[in-house]
Every structure is written in structure tokens, then in C-alpha cells.
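Trainee: I would like to learn how to read helices, cores and charged pairs in a model. Please go through them one at a time.

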Amino acid sequence: MIGNDWDEKLKIIWNSEGFKKFYHVVMEEYRTKTIFPPKDHIFEALKLTSYKDTKVVIVGQDPYHGEGEAHGLSFSVQKGVKVPPSLQNIYKELYDDLGIPPKNDGDLTNWAKNGVLLLNAVLTVVKDTPASHRNLGWERLTDYIIKLLNEKEEPVVFILWGNFAKEKASLITNPKHLVLMSPHPSPFSARYGFFGSKPFSKTNEFLKKNGLKEIDWS
């Protein structure tokens, strides 16, 4: 399904009757409603960032629910789409933290190719209906992914923005890893602790300290 080492890591999930039944429900949603992201982008985060290459995980809630926005990476939108407010705030913090100026687009594919797993807790959404697929069944898969990453020998940085992402914190028990938590970058909450949290420099300092290549956040 994925085309890299995630296929083997998640084989027990892909082959389970529970997942097959759940995925059938998801495909039926695609048949009868407008669902984002496009079907071939549901697992884009896993396709672009293999298990072996994952150094950082940024957990999002669910995909953007507007037309043409979501493409399977948390907080990212396709080129040519207006940069959403949360991502504008992420770019602002990136500039304040590392001096990297905001990009003209909201496509974070380059981060994914640099080892940043941009994982939403829920991988699909009904058009114009945020959190519509919450508790449908995706959480079992994404919790399992977090547990697998928790088992990694190499240190991983888990960036959890907002209460939805913070729910994953209990799955991260390996003391080798770094967990960075702050309020969500949404305009409703960014000023309560997201701004000034310096997640990008903290991530790179941790990776460097552990002999790993730093992330190119540009």
C-alpha cells in the first residue's frame, strides 16, 4: 500500500479483518460523499517519510476540509492554495525561531522528504465538516504508528500542537525521544504559548546532540 518499510511494519494492520472492514467503510464514504484528501493521497505522509527515515513527527488533527487543500500531510496544503491561518502562524514562529522567511506556498513536502512525518491523527474528512471522521477508526492506525516510532532505537522528536495531538503523548514512553508540546498554532490559541515555543531550533539542537542530521526547515 505504501511502497517502503511501512508496509512491513504495518502488515499486521493491513491484513487484519478489522482494518479491512473499516477501510471498506472509508471507501464507501468516498463513493457517496466528497472526502478529502484525494484517495491516492490518504497515506501520503507514510509514502514520503519511511519508518527508517523518520526523525521528527508533527501530529495534526485531521485534513483540511476545503476544496483542493488537503494532500495527506498535516498542516500542509497543495501549491496554488492560499496558506491557511494555522500554517501562517507556523511560518511566523519558524521565522522568529530560526530566521527562515515564510514560503510563498503552503506545501510542506520538503519537510517530509527531510525526515519529518506529517501525520494527522485522522486521515480523512468530509468536505466542509471538520472532525467528521473522528472516531471512525483511523485513530487505531495512527496510535499504532506512534507506538512503532516509540520503539525506534534512534531518537525521534514528537511535536504535539494542541489538545488533540497531546492525546498521543501517553503513547511515547521511550526516554530516548523528545516530546515538544504547546498550544495549537490556530489563530484562536497560538498566542497562548505556541508563539515563542521555538520547536524548530529545539528539534535541531536535539538531533545534533544525538549525532543526527538537522532538519532543513526552509
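Mentor: Start with helix H7, which covers residues 138-150. Helices here are DSSP runs of H or I with at least four residues, strands are runs of E with at least two, and both are numbered from the N terminus. H7 has 13 residues and reaches 18 Å from its first C-alpha to its last, close to the 18 Å expected at 1.5 Å a residue. The expected span is 1.5 Å times one less than the number of residues. This is a predicted model, in which local features need pLDDT of at least 70 and side-chain atom pairs count only at pLDDT 80 or more, while totals for chains, interfaces and linings use all residues. Residues are numbered from 1 along each chain as its sequence is written, and side-chain values use heavy atoms, with hydrogens and water left out.

Trainee: Which residues of H7 are buried?

Mentor: An α-helix has 3.6 residues a turn, so residues three or four places apart point the same way. Buried means under 20% relative accessible area, exposed means over 50%, and partly exposed lies in between (1.4 Å probe, protein chains only). In H7 the buried residues are Trp138, Glu139, Leu141, Thr142, Ile145, Ile146, Leu148, Leu149 and Asn150.

Trainee: Which residues have the most contacts inside the largest nonpolar core?

Mentor: In soluble globular proteins, nonpolar side chains tend to be buried together. A nonpolar core is a set of buried Ala, Val, Leu, Ile, Met, Phe, Trp, Tyr and Cys residues joined through side-chain atoms within 4.5 Å. The largest one has 69 residues, and those with the most contacts inside it are Trp6, Phe43, Ile58, Trp111, Trp138, Leu141 and Trp217. H7 gives the largest share of this core, six residues.

Trainee: What is tryptophan 138 in contact with?

Mentor: Contact means heavy atoms within 4.5 Å. Leaving aside neighbours within four places in sequence, tryptophan 138 is in contact with Phe19, Phe22, Tyr23, Val26, Ile42, Phe43, Ala121, Val122, Leu123 and Thr124. Tryptophan 138 counts as buried because its relative accessibility is 0%. Its side chain also makes a polar contact with the side chain of threonine 124, at 2.7 Å. A polar contact is a pair of N or O atoms within 3.5 Å; within protein, one must be able to donate a hydrogen and the other to accept it, and residues adjacent in sequence count only if both atoms are side-chain atoms.

Trainee: How many salt bridges are there?

Mentor: Side chains of opposite charge can pair when their charged atoms come close. A salt bridge is a side-chain nitrogen of Lys or Arg within 4 Å of a carboxyl oxygen of Asp or Glu. By this rule the count comes to 12. One of them joins lysine 127 and glutamate 67 at 3.4 Å, N to O. This pair links distant parts of the chain, 60 residues apart: lysine 127 is in the loop between strand S4 (125-126) and H7, and glutamate 67 is in the loop between strand S2 (56-60) and H5. Lysine 127 is partly exposed, at 32% relative accessible area, and glutamate 67 is exposed, at 56%.

Trainee: What does the side chain of aspartate 97 reach?

Mentor: Aspartate 97, in helix H5 (residues 85-98), is buried yet has no salt bridge. The nearest side chain of opposite charge, lysine 198, is 4.5 Å away. For charge, Lys and Arg count as positive and Asp and Glu as negative; His and the chain ends are not counted. The side chain of aspartate 97 reaches the backbone nitrogen of phenylalanine 200 at 3.0 Å.
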